[in-house]
Amino acid sequence: MEGYKQALAQYIDATNTHDFANVAKMLHPNAIYWFSDKTCTSMSEIRAYFENAWHLIKDEVYAATDVQWIAVDQRSASCVYTYRYQGYYNGGFVTGSGRATNIFTKTETEEWKLIHEHLSGKVE
């Protein structure tokens with residue numbers, strides 16, 4: 001499996017640990033997130049957003065489906081996919097989905113890191 005595809009799989013796995021230390025290992029230090037309701041431009045903002053989401057949706061399982069790699073070269077790779085989640089909100093089981101764009105970049109140490117994620121609710 002190409003390194004950038006492996007990086008996406010590892011990022012999804014890290015997200016499902018609900019431990020931001022694992023997620024942080026997959027992120028570029030200059031990562032920027034565009035969520036539907038907030039832009040996060042620092043690691044502390046990204047951490048707070050993740051931890052709040054894990055607090056709201058208990059036992060969340062996050063998945064990426066229909067992944068399409070739309071631009072790939074030696075040092076960057078971009079994909080779009082449908083994100084899906086399930087878990088418990090206020091004691092009731094919930095599911096949802098939306099659209100995602102991820103951009104990975106290769107660091108000076110030849111590691112693929114996520115530098116940008118854009119999530120939005122699904123438009124039907």
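Student: Why is Lys5 called partly exposed?

Tutor: Lys5 has a relative accessible area of 32%. Buried means under 20% relative accessible area and exposed over 50%, with partly exposed in between (1.4 Å probe, protein chains only). The value for Lys5 lies in between, so Lys5 is partly exposed. This is a predicted model, in which local features need pLDDT of at least 70 and side-chain atom pairs count only at pLDDT 80 or more, while totals for chains, interfaces and linings use all residues. Residues are numbered from 1 along each chain as its sequence is written, and side-chain values use heavy atoms, with hydrogens and water left out.

Student: What makes Lys5 and Glu2 a salt bridge?

Tutor: A salt bridge is a side-chain nitrogen of Lys or Arg within 4 Å of a carboxyl oxygen of Asp or Glu. For Lys5 and Glu2 the N to O distance is 3.6 Å, so the pair qualifies. Glu2 is partly exposed, because its relative accessible area is 39%.

Student: How many salt bridges does the structure hold?

Tutor: Four. One of them joins the side chains of Glu51 and Arg47 at 3.2 Å, N to O.

Student: Where do Glu51 and Arg47 lie?

Tutor: Both are in helix α3 (residues 43–56), four residues apart, which is about one turn of the helix. Helices (H or I, at least four residues) and strands (E, at least two) are DSSP runs, numbered from the N terminus. Relative accessible area is 37% for Glu51 and 35% for Arg47, so each counts as partly exposed.

Student: What makes Glu110 and Arg75 a salt bridge?

Tutor: Their closest N and O atoms are 3.3 Å apart, which is within the cut-off, so the pair counts. The pair links distant parts of the chain, 35 residues apart: Glu110 is in the loop between β5 (92–106) and β6 (112–121), and Arg75 is in the loop between β3 and β4 (76–89). Glu110 is partly exposed at 45% relative accessibility, and Arg75 is partly exposed at 37%.

Student: Which residues are linked with Arg75 in a network of salt bridges?

Tutor: Lys106 and Glu110.

Student: Why is Ile70 called exposed?

Tutor: Its relative accessible area is 55%, which is over the limit for exposed, so Ile70 is exposed. Ile70 is placed in strand β3 (residues 58–72).

Student: Which residues does Ile70 touch, not counting those up to four places away in sequence?

Tutor: Ser78, Cys79 and Val80. Contact means heavy atoms within 4.5 Å.
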